[in-house]
Amino acid sequence: MLDAIEQGDHCKVAGLLENVKDTGVAKNTNLSLCLTIACSLGQTECVQLLLAAHARVDAPSVNGYAPLHDACIGGHSTCVQLLLAAHATVDQAAYDGVTPLHATCDNGHSNCTQLLLAARATVNQ
């Protein structure tokens, strides 16, 4: 599925998600990793599919970054909107203390910064 996400092939992702649903294969862990990758690449359609398949929206990667961090680092504002609509934790800190707001400000993505502030991200964290 990761190859399909990297290529932005949302039709293939949809088909693979059907297989996961039918077989129940370790879906939460795999889907969470897929969501992280899709957010880091800005693959909006894949993010929508993964969220609809109940990927864990706040699952941290090995560095503690949640999908919202990755979307903010890349400046993928549509992914940020989708994650916030799916109730992503706006102030979730990674293992190094970085929040999504830190990540987007450090990378100069004002569109994502505005979305996080509108979602009541804590400025002084």
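**Figure 1. Overall dimensions of the predicted model.** A compact globule of 125 residues would have a radius of gyration near 14 Å, and the value for the protein is 14 Å, which agrees. Along the principal axes, the C-alpha atoms fill a box of roughly 45 × 25 × 20 Å.

**Figure 2. Secondary structure of the protein.** The protein contains 8 helices and 0 strands. Read along the sequence, these elements give the pattern α-α-α-α-α-α-α-α.

Figure 3. Buried residues make up 41% of the 125 residues of the protein. Among contacts with a separation of 6 or more, 64% are accounted for by residues 24 or more positions apart.

**Figure 4. Surface and charged side chains.** The protein has an accessible surface of about 6,400 Å², and carbon and sulfur atoms contribute 51% of that area. Its side chains include 5 positive and 11 negative ones, and the centres of these two sets are 9 Å apart.

Figure 5. Helix 4 spans residues 44-52, and its buried residues are Thr44, Cys46, Val47, Leu50 and Leu51. Viewed down the axis of helix 4, these buried residues fall within an arc of 155°, so they line one face of the helix. An α-helix has 3.6 residues a turn, so residues three or four places apart point the same way. After helix 4 comes His54, which has a positive phi, near 70°.

Key
Residues numbered from 1 in each chain as written. Predicted model: local features only at pLDDT ≥ 70, side-chain atom pairs only at ≥ 80, totals over all residues. Heavy atoms only, no water. Helix = DSSP H or I, 4+ residues; strand = E, 2+ residues; numbered from the N terminus. Rg over C-alpha atoms; globule rule 2.2 N^0.38 Å. Buried < 20%, exposed > 50% of the residue type's maximum accessible area, 1.4 Å probe, protein only. Contact = heavy atoms within 4.5 Å. Areas by Shrake-Rupley, 256 points an atom, 1.4 Å probe, with all protein chains shown as cover. Lys, Arg positive; Asp, Glu negative; His and termini not counted. Charge placed at Lys NZ, Arg CZ, Asp CG, Glu CD. Arc of directions from axis to C-beta.
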